[in-house]
Amino acid sequence: MEAFREFVDTVFEEEAGWTDELSCLPKEGEPIPAELSASKITVDGRPCMLSIVRDISERKARERAQRRLYEIAADPERSFDEKLRAIFDLGCDRFDLELGGPARIDPETDRFVVEAVSGDHEHLRPGAEVSLSETYCRVFVDETDAAENDAATDTASITDPEATEFEGATAYEEFGVESYFGTRLSIADDLDRTFFFVSTAPREEPVTDAERTFLDLMGQWVRYELERERYEVTVEETIERLEQSNERLERFAYAASHDLQEPLRMVSSYLQLIESRYADRLDDDGEEFIDFAVDGAERMREMIDGLLAYSRIETRGEPFEPVDLEAVIDDVLADLRLRIAESDAKIDVGDLPTVDGDRNQLHQLFQNLLTNALEYSGDEPPRVEIAARRDGRQWIVSVSDEGIGIEPGEQERIFEVFERLHSRAEYDGTGIGLALCQRIVERHGGDIWVNSEPGEGSTFSAAFPDPVVRE
């Protein structure tokens, strides 16, 4: 203080004729201002000094604390627990209290469970449980204290427990907590939390609006992190259930392919044996019945094979690698060359990209799409075009035909397992081919759809992300 007054006196001595009084000069016992600005001015022809003194220590402290909070929250190197500990330390320093922590609260069962704590306290330890009504956090559910403790904004401060009817509470009598500052956090799909700071020593200064705002800001971050953490756990649990479901599906499919196909082969073999051995005793109806039975057993075998392939798209697929789709289409055309020749089909193939994927599954995808285009060509020789176009960060590969087309209301249903739009007498197939295509494309991170009009053909399009760049 004396140094500050000497500074002012020196200025006055150096500038003769200046006014020698500052109404804003701090009195004895008052804090020295953090900032002084002065300028020489003239009033009525007399030289004067205009001074502006502002105490900005609180504002600077608030800004430093907020900046530190942002740094902690944005630090990618820290885990959530490490960030939480750092925020506790920051809050203790900002509010001049000894320790802080979050706790679960359940007003219905009167439970208060400490989840973590920043300092060392005999009773406030992680896992400690006490009746909510015996803690200061009861102000968040106690209507009689709501108005006094600003519960409407979900913050509460207690600096005189005896004056606020906490004299007999466990938190005061046994835990020795003299000062409390906390906020309530409503967590989606979980118990609420309180985020609190306490001290076993009285806090002389009342809680300021700036401190309430800062505590609310801290609480918002904690609430967001807790909800995000809960969401991630839920997602992980869902993924685990899906993986278990896929494993069960694969085991079922294996049992279907192995255990069911053997009886089917036996049925088919014995029917054929009956047909060959007793052919001279069977009339036309008998032979037709046997043919129906053999055909049914064969179609069931094909359906089981299709179900097995469908179930193994995720679990038995190969690791992704760059795949040249032009080479894949060349292989598909080679596999279907007899059918193409027999139907007098014309296949036009444009420039196709390289995508990131499983080559065998992509071969299956385009073989199924091209087979469908040949199958549903109508009465005319099939005309099919395979083309690709760039759409942002993905490639759209299309297989277009000039066949019978699909009704608008049926275009979603055709991708369901075992869904068929036509009888087997009209068109052969198991009804699983397009469902298999959809699952392959989805495994590759894309989507598949159809644009079609009855009698005007169909265009099946599959979207593929750009290939991953590998070093």
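**Helix packing, burial and backbone**

Reader: Is the crossing of helix 10 and helix 11 left-handed or right-handed?

Author: Helices (H or I, at least four residues) and strands (E, at least two) are DSSP runs, numbered from the N terminus. A crossing counts as left-handed if the near helix is turned anticlockwise from the far one by less than a right angle, and as right-handed if clockwise. By this convention, the crossing of helix 10 and helix 11 is left-handed.

Reader: What pLDDT is required before side-chain atom pairs count?

Author: Residues are numbered from 1 along each chain as its sequence is written, and side-chain values use heavy atoms, with hydrogens and water left out. This is a predicted model, in which totals for chains, interfaces and linings use all residues and local features need pLDDT of at least 70, whereas side-chain atom pairs count only at pLDDT 80 or more.

Reader: What percentage of the residues of the protein chain count as buried?

Author: The protein chain has 11 helices and 15 strands. Contact means heavy atoms within 4.5 Å, and among contacts between residues at least 6 apart in sequence, 61% join residues at least 24 apart. Buried means under 20% relative accessible area, exposed over 50%, and partly exposed in between (1.4 Å probe, protein chains only). Of the 471 residues, the buried share is 38%.

Reader: At roughly what angle do the axes of helix 10 and helix 11 cross?

Author: Axes are lines fitted to C-alpha atoms, for helices over the stretch in contact, and angles run from 0 to 180 degrees between N-to-C directions. The axes of helix 10 and helix 11 come within 9 Å, and their crossing angle is roughly 145 degrees.

Reader: How many charged residues are in the contact of helix 10 with helix 11?

Author: Helix 10 contributes Gln361, Gln364, Leu365, Asn368, Leu369 and Asn372, which meet Gly433, Leu434, Leu436, Cys437, Ile440, Val441 and Arg443 in helix 11. For the classes, Ala, Val, Leu, Ile, Met, Phe, Trp, Tyr, Cys and Pro count as nonpolar, Asp, Glu, Lys and Arg as charged, and the others, Gly among them, as polar. On that basis the contact has 7 nonpolar and 5 polar residues, and the charged count is 1.

Reader: How many of the 11 residues of helix 11 are buried?

Author: The buried residues of helix 11 are Leu434, Ala435, Leu436, Cys437, Arg439, Ile440, Val441 and Arg443. Among them, Cys437 has a relative accessible area of 0%, and Leu436 has 7%. Helix 11 is therefore largely enclosed by the rest of the structure, its buried count being 8.

Reader: How far apart in space are Leu436 and Tyr310, C-alpha to C-alpha?

Author: Leu436 is found in helix 11 (residues 433-443). Not counting residues up to four places away in sequence, Leu436 touches Ala309, Tyr310, Ile313, Gln364 and Asn368. Although Leu436 and Tyr310 are 126 residues apart in sequence, their C-alpha separation is 5.5 Å.

Reader: What orientation does helix 7 have relative to helix 11?

Author: Ala309, Tyr310 and Ser311 in helix 7 meet Ala435, Leu436 and Arg439 in helix 11. Helix 7 (residues 284-311) packs on helix 11 at about 10 degrees, with the axes 10 Å apart. Angles under 35 degrees count as roughly parallel, over 145 as roughly antiparallel, 65 to 115 as roughly perpendicular and the rest as oblique. The orientation of helix 7 to helix 11 is therefore roughly parallel.

Reader: What orientation do helix 8 and helix 10 have to each other?

Author: Helix 8 (residues 325-335) and helix 10 (residues 359-375) have axes 9 Å apart and an angle of about 55 degrees. Their crossing is right-handed. Helix 8 and helix 10 are therefore oblique.

Reader: How many disulfides does a search of the whole structure find?

Author: A disulfide is a pair of cysteine sulfur atoms within 2.5 Å. Cys92 is a buried cysteine, at 11% relative accessibility. The number of disulfides found in the whole structure is 0.

Reader: What phi does Asp96 have, although it is not a glycine?

Author: Most residues other than glycine have a negative phi. Asp96 lies in the loop between helix 3 (80-95) and strand 3 (99-106), and is exposed at 63% relative accessibility. Its phi is positive, at about 60 degrees.
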